[in-house]
Amino acid sequence: MALRFYNTLTQRVEEFAPTDGKTVRMYTCGPTVYHFVHIGNFRTFTFQDVLRRWLRAHGWQLDHVMNITDVEDKIIRSAMEERKSLREYTAVYEKAFIEDSVALRLERAERLVRATEHISEMVQAVEQLSEKGFTYKSDGSVYYRIANFPEYGKLSHSDFSGIRAGARVDVDEYEKADARDFVLWKARKNGEPGWETPLGAGRPGWHIECSVMAMKYLGETLDIHAGGVDLIFPHHENEIAQSEAITGKPFSRFWLHSEHLIVEGQKMSKSLGNFFTLRDLLERGYSPESIRYLLASVPYRKKLNFTFEGLKAAQTSIERLRNYKLRLDTEKFGEGGNEKIQERTETALRLFNDSLDDDLNTAEALAAIFEFVRDTNSSMDAGEFRAGNVGSALALLARFDSVFDVLRPTVMTQAVTDGDVEALIAERAAARKRRDFRRSDEIRNELLERGIVLEDTKEGVRWKRR
Ligand code: AMP
Ligand code: ZN
């Protein structure tokens, strides 16, 4: 079956392939680096990682641009409060974002680009918009006149025809009810950081950076543009208005938006204060893989309700898969192959692929894997699973892991003491004695995750640090 995505622009599920049949040109809105990125943001970035991996599984290459928003209202306010330059202020959070992304195994975009390094291109874009009659000046700032772009509202599917012409907003973020002419270039106010440009001293509004960086690197029409649902309006609506006014061409063929991660019914956000960063959760002893798994497990267009039970369940699910893989790797199976099990494996692979092709239905894809694991574990217990079935079962797990990427344990930097290791080894020995192999495998995996390798010898268990 062909790959299909729900396109916010057309409000339909459509078949996807890149324009040139080879390379997917994709733009995603990256973080605003005014604080540590929270796991709500990472839900969106994890969805984009799954998307990247699945596009590649189709044999396409990627040219993916992600921006770093390093100049914007909140950043300027915070940097001024701390008496720091923009760069000094944002460097800390940009670095943290990259480290956290690595911990979550998010593939790096082919190009990670900073807004502040594209100021002259933004100025040029504003000048182009002015030449085409889409702007006006007021108090030194330049605004986009949305009344001149009749298609304004086509992404958020809102009718803005009744809005008051000439009413303006200066803030970067605002509600739908506030649809007004938005700012492209903000004149410098008392002591704010800014740039001296032909437009005057000042700084860009938030929206222009994405139009400019997307088209600079990817051309006038993208294959995919993605972000969280909160960006549909005003940010992406404004990107379309800017880009299409300049080029007269569709800005992006596909628009993909991920739903929010919520906590007790509310969006996780910095302003509500109901957020966890990745660092918070690692400090509480959760592994990056379990967070990655949790974030990826709910299909991106459904809200994900964050709970610690959910996180623990994610850890258990990963352990089940690791134990299954350990069993495939270490158990001695009878010779030959079992045809039925071979067919069972092929069915699971087909279900897995079809589910992800269906607008990245990760929940169904996971269900296909877990049902397969349950069935083949039973076949192993019944002695029906053969040595000849191991290869394709491992290949299925590898296919799963090329997208979900959770089987390899993260070596936690938090050191375990020798005493901790000895205690766990003793507990494992006790578990083996009462033939509780599940628990003993769990302990082996847990130690492995923390960089401790066990070796069973005639003289007893030896261990070393990796
Ligand atoms: P920001 O740093 O606020 O510009 O957000 C970066 C990305 O995270 C954007 O694509 C947002 O739509 C997304 N985002 C923000 N809050 C959440 C949330 N609670 N759940 C999922 N995605 C979010
Ligand atoms: Zn953007």
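I take buried to mean under 20% relative accessible area, exposed over 50%, and partly exposed in between, with a 1.4 Å probe and protein chains only. The model is predicted: local features need pLDDT of at least 70, side-chain atom pairs count only at pLDDT 80 or more, and totals for chains, interfaces and linings use all residues. Residues are numbered from 1 along each chain as its sequence is written, chains are lettered from A and ligands numbered from 1 in the order in which they are written, and side-chain values use heavy atoms, with hydrogens and water left out.

**Entry: helix 4.** I took helices (H or I, at least four residues) and strands (E, at least two) as DSSP runs, numbered from the N terminus. I looked up helix 4, which covers residues 119–131 and has 13 residues. From first C-alpha to last, helix 4 reaches 19 Å, close to the 18 Å expected at 1.5 Å a residue; the expected span is 1.5 Å times one less than the number of residues. I found Ile119, Glu121, Met122, Val123, Ala125, Val126 and Leu129 buried in this helix. Just after helix 4, I noted a positive phi of about 85° at Gly133.

**Entry: the sheet.** I counted two strands as paired if DSSP finds at least two bridges between them. Three strands form an open sheet in the order 15-14-16, with mixed pairing. Strand 15 (266–267) and strand 16 (304–305) are the edge strands, each pairing on one side only. Strand 14 (residues 261–263) runs parallel to strand 16, and two bridges join them. I found Leu261 opposite Leu304 in strand 16.

**Entry: ligand 1.** I recorded 17 residues around ligand 1, the closest being Gly40, Thr44, Asp230, Leu261 and Met268; a residue qualifies if one of its heavy atoms lies within 4 Å. An N or O atom in the side chain of Thr44 is 2.7 Å from a nitrogen atom of the ligand. A polar side-chain atom of Asp230 lies 2.4 Å from an oxygen atom of ligand 1. Leu261 places a backbone N or O atom 2.8 Å from a nitrogen atom of ligand 1. Taken alone, ligand 1 exposes 490 Å², of which the protein buries 93%; these accessible areas come from the Shrake-Rupley method with a 1.4 Å probe.

**Entry: Ser269.** I located Ser269 in the loop between strand 15 and helix 7 (278–283). Is Ser269 buried or exposed? Ser269 counts as buried because its relative accessibility is 9%. Leaving out residues up to four places away in sequence, Ser269 touches His38, Asn274 and Phe275, where contact means heavy atoms within 4.5 Å.

Methods:
A polar contact is a pair of N or O atoms within 3.5 Å; within protein, one must be able to donate a hydrogen and the other to accept it, and residues adjacent in sequence count only if both atoms are side-chain atoms.
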